[in-house]
Amino acid sequence: MKDSQVRELLAQKFHCSHILMKTGLELKGEDNPEVMRVMNGLAGGLMGCGKNCGALTGGCAMFGLFAGRGLPEEEENPDLHDMVEDYVEWFEDRFGSCNCDDILEGDKANIPMVCPELIQVCSEKATEILQDYGYVAPEE
């Protein structure tokens, strides 16, 4: 997702978790307000608690959109575990922590300086992982 798209969605009051899921939905050519509503609970480090960053949990949920189980007769794809593990390892290496409070240095005033770029690079990395596992065709 491009920087301008991220900033536009943030201006519309969407959060990091929403934007990661929006990335996944766009990759699938879908629009799903119900799924977007679900993502609200992950925003702001679990609804503003400062815990797991919504760009982290949103990316993991995005992988579930492609490889998760949704019906009783479906099986979870074993790739899901590996994709999440790859993403979490990358996230921790890149940002030093999985928690919003740590990433923002305990100050929510840092959100405008930190989050737009963080969301953009997370969207790109999550898309790259989906490409690496064959769920999304590489961009040309």
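Student: In this predicted model, over which ring does the charged end of Lys-28 sit, and how far from its centre?

Tutor: The ring belongs to Phe-66, and the charged end of Lys-28 sits over it, 5.2 Å from the ring centre. Such a placement counts when the charged atom is within 6 Å of the ring centre and within 35 degrees of the ring normal.

Student: How many aromatic pairs does the structure hold, and how should I read one of them?

Tutor: A pair of aromatic rings is described by the distance of the centres and the angle of the planes. The structure holds seven aromatic pairs. In one of them, the ring centres of Tyr-87 and Trp-90 are 5.8 Å apart and the planes meet at 20 degrees, so this pair is called stacked. Planes count as stacked when they are under 30 degrees apart.

Student: Where do Tyr-87 and Trp-90 lie, and are they buried or exposed?

Tutor: Both residues belong to helix H6, which covers residues 79-95, and they are three residues apart, about one turn of the helix. Tyr-87 counts as buried because its relative accessibility is 0%, and Trp-90, with a relative accessible area of 18%, is buried as well.

Student: What is the arrangement of the rings of Tyr-87 and Phe-91?

Tutor: Here the ring centres are 6.3 Å apart and the planes stand at 55 degrees, so the pair of Tyr-87 and Phe-91 is tilted. These two residues are separated by about one helical turn, because they are four residues apart in helix H6. Phe-91 counts as buried, since its relative accessibility is 0%.

Student: Which residues form the aromatic cluster?

Tutor: One aromatic cluster is formed by Phe-63, Tyr-87, Trp-90, Phe-91 and Phe-95, so the residues of the stacked pair and of the tilted pair have their place in it.

Student: How many salt bridges are there, and what is the idea behind them?

Tutor: Side chains of opposite charge can pair when their charged atoms come close. The structure holds four salt bridges. In one of these, the side chains of Asp-3 and Arg-7 meet at 3.1 Å, taken from N to O. Both lie in helix H1, residues 3-11, four residues apart, which is about one turn of the helix. Asp-3 is partly exposed, with a relative accessible area of 30%, and Arg-7 is partly exposed at 44%.

Student: What can be said of Lys-22 and Glu-26?

Tutor: They form a salt bridge in which the closest N and O atoms are 4.0 Å apart. In helix H2, residues 16-27, they are four residues apart, and therefore about one helical turn separates them. Lys-22 counts as partly exposed at 24% relative accessibility, and Glu-26 counts as partly exposed at 41%.

Student: How does the salt bridge of Glu-128 and Lys-125 look?

Tutor: Their side chains meet at 3.0 Å, N to O, and the two residues are three apart in helix H8, residues 111-132, or about one helical turn. Glu-128 is partly exposed at 34% relative accessibility, whereas Lys-125, with a relative accessible area of 18%, is buried.

Student: How many helices and strands does the chain have, and how compact is it?

Tutor: The secondary structure comes to eight helices and zero strands. The radius of gyration is 14 Å, close to the 14 Å that the globule rule gives for 140 residues, so the chain is as compact as a globular protein of that length. Buried residues make up 39% of the 140 residues.

Conventions: Residues numbered from 1 in each chain as written. Predicted model: local features only at pLDDT ≥ 70, side-chain atom pairs only at ≥ 80, totals over all residues. Heavy atoms only, no water. Phe/Tyr/Trp six-rings, centres within 6.5 Å; stacked < 30°, edge-to-face > 60°. Buried < 20%, exposed > 50% of the residue type's maximum accessible area, 1.4 Å probe, protein only. Rg over C-alpha atoms; globule rule 2.2 N^0.38 Å.
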